[in-house]
Amino acid sequence: MKFLSNAVLTVRQWWDSDYVPPGAPPLPDEDRFDFPRLVPYLFLHAGCLLLLWVGWSWFAVAVAAALYVVRMFGITAFYHRYFSHRAFRTSRFMQFCFALLGNTSMQRGPLWWAATHRHHHAHSDEEHDKHSPVQSGFVWSHIGWLTSRRNFPTDYGKVKDFAAYPELVFLNRHDFLVPVLFGVLLWAIGAALATWAPELGTNGPQLFVWGFFVSTVVLLHGTLFINSLAHMLGRRRFQTTDDSRNSLPLALITLGEGWHNNHHRYAHSARQGFYWWEIDISWYVLRLMAAVGLIWDLKGVPPSVYREAEALKQGKPVAASAE
Ligand SMILES: [Zn+2]
Ligand SMILES: [Zn+2]
């Protein structure tokens with residue numbers, strides 16, 4: 001019976017993630033794997049099996065790859081560097097566009113994402129970190145934590161700055177709306193192309209499966225690797241209070257987020273590759289956006305942090321720190 005009421009509440013919250021019925025049981029006081037919360041992720045992965053039915057075309061594969069890159073940028077540059085860390089400024093209209101793009105990734109709403117991530121920086125690799133491989137192992141830090149009912153509500157107290165915008169709160173509450181519309185749009189475009197450009201060899205179901213399911217699943221795991229692997233694999237330049245690492249392969253698949261030890265040392269910066277040889281594609285694109293006036297006040301890395309990196313390289317003692 002408890003499972004049934006939990007399942008009904010979960011389905012209701014797919015439409016309004018802030019909905020809590022009167023008399024609802026309190027959230028569990030510890031993290032637990034919750035099957036009804038796993039269903040959206042099972043749905044995403046199972047959808048990839050439809051490849052067997054829809055087949056492939058160069059066009060559909062290219063669309064899936066392009067949507068991976070564009071939406072990874074939406075997550076790293078906007079959900080992470082903008083909404084979580086305020087590493088640059090922009091207009092209210094652009095801010096809403098950033099939230100829409102990030103929301104197509106099925107990584108919940110911008111305010112939930114930012115609040116959860118701010119909590120990670122405050123408690124990184126400590127007992128209360130929601131996704132620490134040091135505390136809870138790889139599987140929990142990668143995907144298990146997402147299923148825990150305790151981690152479901154948005155802690156609006158941690159994102160008061162952006163919760164002041166009703167349009168962002170709306171997207172955050174109805175975080176399933178944008179992904180559904182995105183999927184419908186892909187199907188419609190595929191169906192139109194089957195009629196108007198049959199030489200592309202695609203159709204509605206095929207473009208939907210590649211652009212929505214395949215692209216979104218790969219994007220999800222690419223992002224989640226920063227919670228799991230970026231605290232396990234790679235080198236530590238800075239003696240931060242957590243176990244964050246710098247990793248070129250992770251930086252390449254996440255457009256720059258793999259310089260995670262840099263990021264935990266100085267999270268306010270819009271660049272995470274602190275040197276020219278640390279490839280950070282999100283930073284390059286943000287510089288371009290700033291050059292054409294779409295965003296401004298990009299925050300950089302202060303000289304004191306570079307001096308600290310130099311001192312550590314020379315083996316001089318530096319107190320552990322994270323910002
Ligand atoms: Zn981290
Ligand atoms: Zn961060």
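Modeller: A nonpolar core here is a set of buried Ala, Val, Leu, Ile, Met, Phe, Trp, Tyr and Cys residues joined through C-beta atoms within 7 Å. Keep in mind that the model is predicted.

Biologist: How many residues does the largest nonpolar core have, and which have the most contacts inside it?

Modeller: In soluble globular proteins, nonpolar side chains tend to be buried together. The largest core in this model has 42 residues, and Ala64, Phe78, Tyr82, Phe83, Leu111, Ala114 and Trp210 have the most contacts inside it. Elements giving it two or more residues include α4 (58-84), α6 (110-122), α10 and α11. Helix α4 supplies the largest share, 13 residues.

Biologist: Which residues is Ala64 in contact with, leaving aside neighbours within four places in sequence?

Modeller: They are Trp210, Gly211, Val214 and Ser215. Another core, of 8 residues, lies apart from the largest one; Phe225, Ala230, Leu250 and Trp259 are among its members.

Biologist: Now the helix. Which residues of α10 are buried?

Modeller: An α-helix has 3.6 residues a turn, so residues three or four places apart point the same way. In α10 the buried residues are Phe182, Leu186, Gly190 and Leu193. Because they fall within an arc of 70° seen down the axis of α10, they line one face of the helix. Part of their cover comes from α11 (204-227). On the face turned away from the buried side, α10 carries the exposed residues Thr195 and Trp196.

Biologist: What should the span of α10 be, and what is it in the model?

Modeller: At 1.5 Å a residue, the 20 residues of α10 (177-196) should span 28 Å, and the end C-alpha atoms are 28 Å apart, which agrees.

How values were computed. Residues numbered from 1 in each chain as written. Chains lettered and ligands numbered in written order. Predicted model: local features only at pLDDT ≥ 70, side-chain atom pairs only at ≥ 80, totals over all residues. Helix = DSSP H or I, 4+ residues; strand = E, 2+ residues; numbered from the N terminus. Expected span 1.5 Å × (residues − 1). Buried ≥ 20, exposed ≤ 12 C-beta atoms within 10 Å, placed from the backbone. Arc of directions from axis to C-beta. Contact = placed C-beta atoms within 7 Å.
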